[in-house]
Amino acid sequence: MLEITNLHVRAGNHEILKGVNLKVNAGDVHSIMGPNGSGKSTLAQVLAGRETYEVTEGEILYVGKNLLEMAPEERACEGVFMAFQYPVEIPGVGSAQFLKAALNAMRKARGLEELDAMEFLTLVKEKLKVLGVEEKLLHRSVNEGFSGGEKKRNEIFQMTLLEPRLCIMDETDSGLDIDALKVVADGVNRLRSPDRAIIVVTHYQRLLNYIIPDYVHVLLDGRIVKSGGKELALELEERGYAWVEEEVRAAGKA
Amino acid sequence: MSGIAVTQERDHYTEHFARFEKATAGNGQGWLQPVRRAAMARFTELGFPTTRDEEWRFTNLAPLVAIPFQLARDTRIELSPRDIEAFQLPGLGGAQLVFVNGRYAPALSSPGSSGDGPTVRSLAQAIGDDRDVLRQHLTRYAAYHDNAFSALNTAFMEDGALVHVPRGKVVEEPIRLLFVSTATAEPIATHPRNLIVLDEDSQAVIVEDYVSLGGGLHFSNVVTEVAVGDGSVLSHYMIERESHEAFNVSTLRLEQGRSSNVASHTVLLGGALVRNNVHPVLAGEGSECLINGLFMATGRQHMDNFMRVEHASPRCDSRQFYHGILDGQSHGVFSGRIIVHKDAQKTDAKQTNKNLLLSLEAQIDSKPQLEIYADDVKCTHGATIGQMDQDAIFYLRSRGIAADAARALLLFGFAGESLARMTVEPIRRHLETLVAQWLPEGKLLEAIR
């Protein structure tokens with residue numbers, strides 16, 4: 001589904017990603033872990049189409065298409081969804097209006113009929129119920145005045161509603177208490193399916209107790225330096241990242 | 001400006017005044033002659049303000065002063081209801097007065113039946129035969145000794161609306177006052193004068209709506225005096241959507257009685273040069289006012305909002321919220337002056353002005369000013385000036401919403417914060433439509449809203 005080859009990315013004069021390679025198949029859950037500043041969030045943002053980053057080298061193929069040539073909204077319509085680390089508050093824009101605009105933009109792109117107000121409400125209320133989110137969310141401005149947990153839950157709710165093919169979780173677990181974490185994990189697990197891929201970007205192993213990944217990758221200084229199964233996450237939790245750095249250094253000398 | 005030009009411009013209005021006095025003599029308005037003359041004398045002394053006047057620092061009136069506006073009463077024009085159909089607010093019944101070039105147009109108006117209901121009629125008629133209310137209130141609140149535009153309006157006041165709501169009466173339907181200026185061979189000036197009186201414990205919604213028919217250059221110099229009796233509730237809407245060549249100076253002067261509640265809502269979309277003065281005096285203890293405005297300028301439009309909120313009694317609350325969206329080479333001004341008198345203890349006054357600049361050449365001047373003479377008060381103010389939030393645009397785009405639609409949603413959301421405070425639903429819906437039409441990508445909103 002997704003194939004990243006030799007991806008180099010810079011922000012201003014600072015090179016952040018220095019040749020990332022990653023292949024993600026439909027049905028897989030990949031976790032990308034790494035210390036602060038390793039480039040995890042940058043990778044997530046570049047996949048979503050953030051224009052503040054400059055791709056200097058490499059390519060990203062998504063379902064056979066050149067992802068880097070697509071505008072953020074085109075990617076979304078093709079099924080790419082990133083759950084934001086810091087969801088943006090948008091005063092004055094009602095959640096219902098926003099969700100309807102998003103849903104209909106995607107339906108239009110997929111050649112489906114746009115939903116009218118009634119059809120939309122029926123669908124959205126059903127999805128709210130699934131996640132146990134209160135309906136009053138619809139009457140509030142997008143993320144405005146939401147607590148950290150509410151914002152993250154809203155991201156998962158949007159993901160559930162928009163049914164993307166590629167889900168990218170950008171440190172969705174940061175700042176969440178254990179209850180909120182479980183809600184987020186439940187939402188993500190419900191979306192696991194053979195034709196959907198999920199990338200979980202996280203600093204801590206904690207979330208991976210609830211979302212069990214098929215693959216774990218360690219991102220260090222802009223490169224994926226180690227990949228493994230879910231045991232790798234546990235090892236990182238126990239031993240930290242220093243030993244991986246050591247390994248990389250040793251390999252470099254050899 | 002040279003001394004000669006100043007004299008010429010005053011001579012122009014003095015000469016008009018002489019003609020005006022002659023024309024209005026003997027039509028039952030004679031009792032107004034002393035105040036008109038005094039106001040004219042005052043205008044002659046004051047002249048138009050310049051940017052050297054602190055209250056006009058950001059607004060250069062030279063373009064207005066340079067135009068020899070003709071008195072509108074010298075031109076006559078007949079309109080049919082069809083001509084003004086496009087300006088009607090859908091979904092509203094109730095009384096409506098229509099004024100064409102400052103003159104009451106009975107054929108276009110529906111003042112409604114009287115009986116125990118409110119008086120809604122032309123001021124020109126009322127000056128002739130309904131003097132009790134006028135003698136008590138007219139020219140009592142809008143001071144002209146320090147204000148050239150109020151002086152000019154008072155000198156030339158002749159017509160406008162009189163709304164009088166009797167004690168205890170709740171008027172359910174909004175009362176609409178529509179002021180139409182038409183394209184004329186020579187630019188004209190009108191001086192609409194409105195008097196709104198709510199007796200004790202009454203309630204009303206009033207809409208003043210200024211429009212241009214067939215575009216054109218004209219000058220509306222409006223004064224609206226409002227006396228809100230003890231325990232009364234008023235929602236006042238001011239809509240400015242005249243042509244982009246028009247000049248509009250309006251003064252809303254509100255005198256609030258004990259425990260009264262006023263909401264003043266303003267939406268400025270039209271006009272070349274607009275000065276919007278809102279001046280509530282919280283004269284009665286425990287009164288409240290909400291001053292809520294939205295101004296949206298583009299091209300070379302200039303919109304100056306001048307708030308003067310006077311707390312003259314204890315335990316009064318005032319809330320000011322003004323939002324500006326400025327595009328093109330437009331220039332916006334927000335001056336928010338809060339004056340707390342010595343005895344106005346327990347005053348609670350807040351002021352917020354938020355502005356969005358959509359182009360590099362657009363400009364905003366935002367100036368709060370607090371004058372506090374009491375010692376037990378809460379006063380806060382804040383202003384923000386910013387561009388479109390790129391993080392928010394990315395967020396919307398990442399959910400599939402196209403860049404131009406995302407922009408429209410954000411702008412509409414920003415305006416929507418002001419509109420949401422306008423609680424009379426048919427009016428708010430209408431204003432939402434006008435705002436969406438203003439936005440360059442507003443069409444995209446139709447599918448979403």
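The following legends describe close-up views of a predicted model.

**View 1. The second largest pocket and its lining in chain B.** The second largest pocket holds about 510 Å³ of space. Its lining comprises 23 residues, and those closest to the centre of the pocket are B:Glu55, B:Ala143, B:Asp146, B:Asn147 and B:Arg308. Two or more lining residues come from each of helix H6 (148-156), strand E12 (247-256), strand E14 (273-282) and strand E16 (302-311) of chain B. E14(B) makes the greatest contribution to this lining, with four residues. By residue class, the lining of the second largest pocket consists of nine nonpolar, seven polar and seven charged residues.

**View 2. Helix H5 of chain A and the elements that cover it.** Helix H5 of chain A spans residues 148-162, 15 residues in total. From its first C-alpha to its last, H5(A) reaches 21 Å, close to the 21 Å expected at 1.5 Å a residue. H5(A) is mostly covered, with eleven of its 15 residues buried. Among the buried residues are the charged side chains of A:Lys151, A:Lys152 and A:Glu155, together with A:Ile156, A:Phe157, A:Met159, A:Leu161 and A:Leu162. The cover over the buried residues of H5(A) includes, from chain A, strand E6 (80-83), helix H3 (95-109), helix H4 (117-131), strand E9 (166-170) and helix H6 (178-191). Chain B also takes part in this cover, through helix H7 (390-397). Just after H5(A), A:Glu163 adopts a positive phi of about 45°.

**View 3. B:Gly26 in a loop of chain B.** B:Gly26 is placed in the loop between helix H1 (3-24) and helix H2 (33-46) of chain B. With a relative accessible area of 84%, B:Gly26 is exposed, because this value lies over the 50% cut-off. B:Ile401 lies 375 residues from B:Gly26 along the chain, and the C-alpha atoms of these two residues are separated by 66 Å.

**View 4. Cysteines without a disulfide partner.** A search of the whole structure finds zero disulfides over all chains. The cysteine sulfur closest to that of A:Cys167 belongs to A:Cys77; the two are 15 Å apart, and therefore too far for a bond. A:Cys167 is buried, with a relative accessible area of 0%. B:Cys289 is likewise in no disulfide, the nearest cysteine sulfur being that of B:Cys316, 8.5 Å away. A disulfide requires sulfur atoms within 2.5 Å, so the separation of 8.5 Å excludes this pair. B:Cys289 counts as buried, at 5% relative accessibility.

Terms used: Residues are numbered from 1 along each chain as its sequence is written. Chains are lettered from A and ligands numbered from 1 in the order in which they are written. This is a predicted model: local features need pLDDT of at least 70, side-chain atom pairs count only at pLDDT 80 or more; totals for chains, interfaces and linings use all residues. Side-chain values use heavy atoms; hydrogens and water are left out. On a 1 Å grid over the protein atoms alone, a cavity is a set of points where a 1.4 Å probe fits but cannot get out, and a pocket is an open set with protein on both sides within 12 Å along at least five of seven lines; lining residues have an atom within 4 Å of a point. Grid points are joined across faces, edges and corners, and a volume is the space filled by probe spheres set on the points. The expected span of a helix is 1.5 Å times one less than its number of residues. Buried means under 20% relative accessible area, exposed over 50%, partly exposed in between (1.4 Å probe, protein chains only). Contact means heavy atoms within 4.5 Å.
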